[in-house]
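Please have the viewer open as I go.

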Amino acid sequence: MLCFRYYGTTLAETLLGKALKTMPIPRESYIISTKCGRYGDNDFDFSAERVTRSVDESLARLNLDYLDIILCHDIEYVNLDQIVNETIPALQKLKESGKVRHIGFSGYPLKIFRSVLDRVPKGSVEVILSYCHHSLNDTTLLDLVPYLHEKGVGFISASPLSLGLFSGKGWPEWHFAPPELKAACAKATEVCKAQGKSIRHLALQFALKNPIIPTTLVGMPSVNEVRENVKTAMELQQGASIDEELLQQVEQVLKPVKNLTWLSGLKENN
């Protein structure tokens, strides 16, 4: 389970904590991950004192004694020197105390992963979370995989729907993607609709079918979407195949914007 404090202003952690407290589930039977360092849209604090306090606050809300994974949230918005020299060492102390089992960080620009992993002791960071880099429009995460294997770092690929570009319902007003990418994704959605198919289903299949990607994280704001996503995953496990003809049509539409970065709409300090 991934329950990030930033989303819902700690509501996600609070609700999950209530559920875990009332359900007789053995602690060793599930994995809990949350984040630290980002507390609002523009509220970042990766100081040793704040991330230490953040972990304690998360544990209290979740009614847990330890976190399986703690991720530093969107580190591209701050100076990476602080992450390397202050944040990760502080989290290492929490790991030594037993409050945290594994340490990682997340962000959008792929270059941040090398920038940090090349500067910290091997094994001090064990997992990274990359979003929107293994989806129908962008597969550049695959270029980083050999490097992550070399470093002994596990990875989570998040947002296979590219923050709603392939939701089939449109995307949020704040979406960072450039206009040409949004236009291509809208066209790809219509290609699927014209054949009575779901772009969401196709995008999720595409993300899940690659055995190189160990973990895919997708948002599910409704019970119905949970059921749909679980069904898609189970169908693939049982040997269901992706609609290759439809996939080729969609990929042709997206070809002019393949791997187009969003950095023009994102702040990048490093």
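The side chain of Ser-198 reaches the backbone nitrogen of His-201 at 3.1 Å, and a polar atom of that Ser-198 side chain also lies 3.2 Å from the backbone nitrogen of Arg-200. This is a predicted model, in which local features need pLDDT of at least 70 and side-chain atom pairs count only at pLDDT 80 or more, while totals for chains, interfaces and linings use all residues. Residues are numbered from 1 along each chain as its sequence is written, and side-chain values use heavy atoms, with hydrogens and water left out.

Ser-198 itself sits in the loop between α6 (179–194) and α7, and it counts as partly exposed because its relative accessibility is 35% (the class lies between buried, under 20%, and exposed, over 50%, with a 1.4 Å probe and protein chains only). Its C-alpha atom is 7.0 Å from that of Gly-168, although 30 residues separate the two along the chain.

Turning to the packing, how do α7 and α8 cross, left-handed or right-handed? The crossing is right-handed.

In contact terms (heavy atoms within 4.5 Å), α7 contributes residues including Arg-200, His-201 and Leu-204, which meet a set in α8 that includes Glu-225, Glu-228 and Leu-236. The residues of this contact divide into four nonpolar, four polar and four charged.

Technical notes
Left-handed = near helix turned anticlockwise from the far one by under 90°. Helix = DSSP H or I, 4+ residues; strand = E, 2+ residues; numbered from the N terminus. Nonpolar A, V, L, I, M, F, W, Y, C, P; charged D, E, K, R; others polar. Polar contact = N/O pair within 3.5 Å; in protein donor to acceptor, adjacent residues only side chain to side chain.
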